[in-house]
Amino acid sequence: MKAFGPPAHPFGKRGNHVKHVLEGRVRGYETTFFHLAAVHEGGRHPSDVSRYSVAVLPLPGALPATEVSVASLVRWLGTEPLPPRAGTAVHLLPGRKPRMVACSVDPDFAGLILTERVVRMTADAKMGWRLHGDHMIGWIKEHKPYQRIIGLAEVMADIVGEFPVSVWSRDSAEQEHY
């Protein structure tokens with residue numbers, strides 16, 4: 001969970017549980033897969049648990065902290081879209097189904113990577129993803145069979161493939177993340 005950064009965004013910091021960790025290769029990326037029980041405040045009880053299937057891909061370099069997600073995946077977590085100082089969530093294209101949210105520490109960078117195609121790929125996969133340093137973390141709702149999580153990782157690899165070459169050659173000072 002430490003790889004998600006404080007406070008293990010977007011899943012909160014209240015006793016999250018990771019299980020069924022597997023590692024493998026998806027489209028050339030050494031990928032880690034796992035199921036996550038995210039404990040958060042709210043609901044009928046003092047705390048509720050949301051279940052996710054997660055894939056983590058290493059990236060060729062560090063990129064600015066950025067997130068895009070189907071809104072319903074993060075709505076119940078009661079947490080900010082990214083760690084402190086990351087910016088304000090933006091609802092992408094009002095009226096879109098499903099409703100999407102995005103946030104980045106670097107709006108210019110976000111403008112380069114959050115193309116209509118990338119947002120549509122994310123929406124079609126009913127997923128969320130976050131760039132954290134030199135990792136991309138993706139999630140879908142509920143504990144799914146590993147074939148479905150491998151599919152998530154394949155979509156993530158396709159999304160990274162959509163990033164323009166220029167994002168990998170940005171000045172390292174511009175790639176600071178929080």
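Today I will talk about two helices, helix 3 and helix 4, and how they pack in this predicted model.

Let me start with the pair itself, where helix 3 covers residues 116-124 and helix 4 covers residues 146-162. The axes of helix 3 and helix 4 lie 10 Å apart, and the packing angle is about 175°; since angles over 145 degrees count as roughly antiparallel, helix 3 is therefore roughly antiparallel to helix 4. On the helix 3 side, the contact is made by Arg117, Val118, Met121 and Thr122, and these meet Val155, Asp158, Ile159 and Glu162 of helix 4.

Turning to helix 4 on its own, its 17 residues should span 24 Å at 1.5 Å a residue, and its end C-alpha atoms are 24 Å apart, so the two values agree. The buried residues of helix 4 are Tyr146, Ile149, Leu152, Ala153, Met156, Ala157, Ile159 and Val160, and because they cover an arc of only 160° around the axis, they sit on the same side of helix 4. Facing away from that buried side, helix 4 carries Gln147 and Gly161, which are exposed.

Key
Residues numbered from 1 in each chain as written. Predicted model: local features only at pLDDT ≥ 70, side-chain atom pairs only at ≥ 80, totals over all residues. Heavy atoms only, no water. Axes fitted to C-alpha atoms, helices over the stretch in contact; angles between N-to-C directions. Helix = DSSP H or I, 4+ residues; strand = E, 2+ residues; numbered from the N terminus. Parallel < 35°, antiparallel > 145°, perpendicular 65-115°, else oblique. Contact = heavy atoms within 4.5 Å. Expected span 1.5 Å × (residues − 1). Buried < 20%, exposed > 50% of the residue type's maximum accessible area, 1.4 Å probe, protein only. Arc of directions from axis to C-beta.
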